[in-house]
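Hi,

Here is the structure I promised to pass on.

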Amino acid sequence: MSIRRPVLSTAIAAAMIGSLGVPLIAGTASAQTRATTVREDFDGDGYQDVAVAAPQAKVGGHTWAGYITVSYGSAHGIDPARTKVFTQDTAGVPGASGDDHKFGYALVSRDLDGDGLTDLAAVSSEYDATAQVNGAVTVLWGRKGGMTGEGAARIAAPANTSIGEDLTAGDFDGDGHTDLFMDHGDDYDYHGVLYGPIGRDGVPAREQQVKVYSTDNFINTTTSGDFNGDGIDDLATFYVYENHAEGGKLWLGTKNGLSATYTALPSAAAAAVGDFDKDGKADLATRVWPGELTEGTETDPGTVKIFYGSATGPSRTRTKTITQSTAGVPGASEKGDQFGSRLNAADVTGDGYADLAVGVPGEAIGSKKLAGAVVLLKGGSGGLTGTGAQAFHQDTAGVPGVAEAGDAFGGAVRLLDVTGDGKADLVAGAPGEDLGSVVNAGAVWQLRGATAGLTATNSVAINPTDIGAPSAKAWFGANLSGDNGPTVTIP
């Protein structure tokens, strides 16, 4: 957290770590409402690529140093042989690995410099004592043939500031360049909007300061999307304080940039954006805080609520609430499932409607507690429903591996067209996965999109051992780029 933020209550501080040890860092699930223009293609070969963080991994003798991997997409999906590992010790990457840096605990994949290739912005929590800067945002630049650390840059930060918390990407002035919202400045009440293009020296084209706080609360998650259909991305920020939720704020994008004023939104424990009814306005998917309390999420069955886009933003009247007890949704709403811990949207079936991947990391598979699952909710002319919903876990036929207690499969989810067939594939993390005697090494899976929905046929998995990366308590898959939300908590 920013060094200028208020001290958290014991309860919420504990919840932000959880007994799994995975930090529940606030962040963003960046909007992909215009999937044809927003791509995550680091090498420019036409296939979307997958960035994965292992923020708690030990690197070079440093605990919780963290590393990032990039797996390149292909017609055959992701492959350990085409996966690159990046640490802060990688040649060209500024700085060096250190204790508690948590390199990559939040990630954004977007074209930041406007060269047509996707770049990767990674947040770390180090402290620069010389400049007295808390945190860092490092950009790895996309490159034909594959990303390297060459020329990587830090986003510029003035002395005596903090940087990186709440990192969110969007085009908030509609000029076609990606902009970044984040903690960036020396005033606690304000966050910065860094307008693109971002130079190779880490300097934005211009910056705007927005007063995001008016009380002693803090942002727990963010997301962005064109909620009112005017062609410019808007920003949604959500707040908590101590043990209770404190609502959200909608900041509309304009041709001059993000509005300095906001309208109120309901609270959200996690959030994602997609056009589920294909009406040209982004819809907001949220996980509901149980009883508006931040305590008890580890025992919460989980509820997802959709606020459909309108001319004024996410509607307060046209909404949809979905749980595992909703007709058509596989399973049952049970204590501790945490349905909606992670959310991500894209078109899996290729019908033009965004679908929603819902992480259920607390789901028991048989007698295996907290083994985890992912549910896919399908979009349509009326929006999201339970009709045709699907569920997958490690005991699903065709999915590599075996469900085990504490895996937390679905602890991170992304929908990306890795195979380049016009249908988004599911990438799911299980940060609690054990590899033999190696505890909590973590792993990620890719399940293919198809006309009828997701399929386990030809699904693949990657873990740290496969790619020669640090594995002991690495929590590999705790965060997938663009899915920077709170992770599963385990009682």
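Let's start with a salt bridge: the side chains of Asp 113 and Arg 200 meet at 2.8 Å, N to O. Asp 113 counts as buried because its relative accessibility is 16%, whereas Arg 200, at 43%, counts as partly exposed.

One thing to keep in mind as you read on: this is a predicted model.

Back to the salt bridges. A search of the whole structure finds 11 of them, and here are two others I looked at. Arg 318 pairs with Asp 277, and their closest N and O atoms are 2.7 Å apart. That pair also links distant parts of the chain, 41 residues apart. You'll find Arg 318 in the loop between strand 23 (304-307) and strand 24 (319-322), and Asp 277 in the loop between strand 21 (270-274) and strand 22 (283-287). Asp 277 is buried, with a relative accessible area of 8%, but Arg 318 counts as partly exposed at 34%.

The other pair is Asp 300 with Arg 287, where the closest N and O atoms are 3.1 Å apart. To come back to where I began, salt bridges that share partners join Asp 113, Asp 115 and Arg 200 into one network.

And what about a charged residue that has no salt bridge? Lys 423 is buried yet has none. The nearest side chain of opposite charge belongs to Asp 421, and it is 5.2 Å away. Lys 423 is in the loop between strand 29 (412-416) and strand 30 (425-430). Leaving aside neighbours within four places in sequence, its contacts include Asp 347, Val 348, Thr 349 and Gly 350, as well as Asp 417, Gly 449 and Thr 451.

Next, have a look at Gln 390, which is found in strand 28 (residues 390-392). With a relative accessibility of 17%, Gln 390 counts as buried. Its side chain reaches the backbone nitrogen of Leu 454 at 2.8 Å. Gln 390 and Val 329 are 61 residues apart in sequence, and their C-alpha atoms are 7.1 Å apart in space. Beyond its neighbours within four places in sequence, Gln 390 is in contact with several residues, among them Pro 330, Val 374, Leu 376, Lys 378 and Ala 452.

There are also a few backbone details for you to check. The peptide bond from Gly 196 to Pro 197 is cis, with omega near 5°. Lys 102 has a phi near 50° and lies in the loop between strand 4 (83-86) and strand 5. Glu 242 has a positive phi of about 50° too, and its place is in the loop between strand 16 (234-241) and strand 17 (244-251). Lys 102 is buried, at 14% relative accessible area, while Glu 242 counts as partly exposed at 33%.

Finally, the whole protein. Its secondary structure comes to 1 helix and 33 strands, and the C-alpha trace spans about 55 × 50 × 45 Å along its principal axes. Of the 491 residues, 63% count as buried. If you take the contacts between residues at least 6 apart in sequence, 58% join residues at least 24 apart. The accessible surface comes to about 16,000 Å², and 51% of that belongs to carbon and sulfur atoms. As for charge, there are 33 positive and 59 negative ones, and their mean positions are 3 Å apart.

Cheers

How values were computed
Residues are numbered from 1 along each chain as its sequence is written. This is a predicted model: local features need pLDDT of at least 70, side-chain atom pairs count only at pLDDT 80 or more; totals for chains, interfaces and linings use all residues. Side-chain values use heavy atoms; hydrogens and water are left out. Helices (H or I, at least four residues) and strands (E, at least two) are DSSP runs, numbered from the N terminus. Buried means under 20% relative accessible area, exposed over 50%, partly exposed in between (1.4 Å probe, protein chains only). Lys and Arg count as positive and Asp and Glu as negative; His and the chain ends are not counted. A salt bridge is a side-chain nitrogen of Lys or Arg within 4 Å of a carboxyl oxygen of Asp or Glu. Contact means heavy atoms within 4.5 Å. Accessible areas come from the Shrake-Rupley method with a 1.4 Å probe; for residues, only the protein chains shown count as cover. The place of a charge is taken as NZ of Lys, CZ of Arg, CG of Asp or CD of Glu. A polar contact is a pair of N or O atoms within 3.5 Å; within protein, one must be able to donate a hydrogen and the other to accept it, and residues adjacent in sequence count only if both atoms are side-chain atoms.
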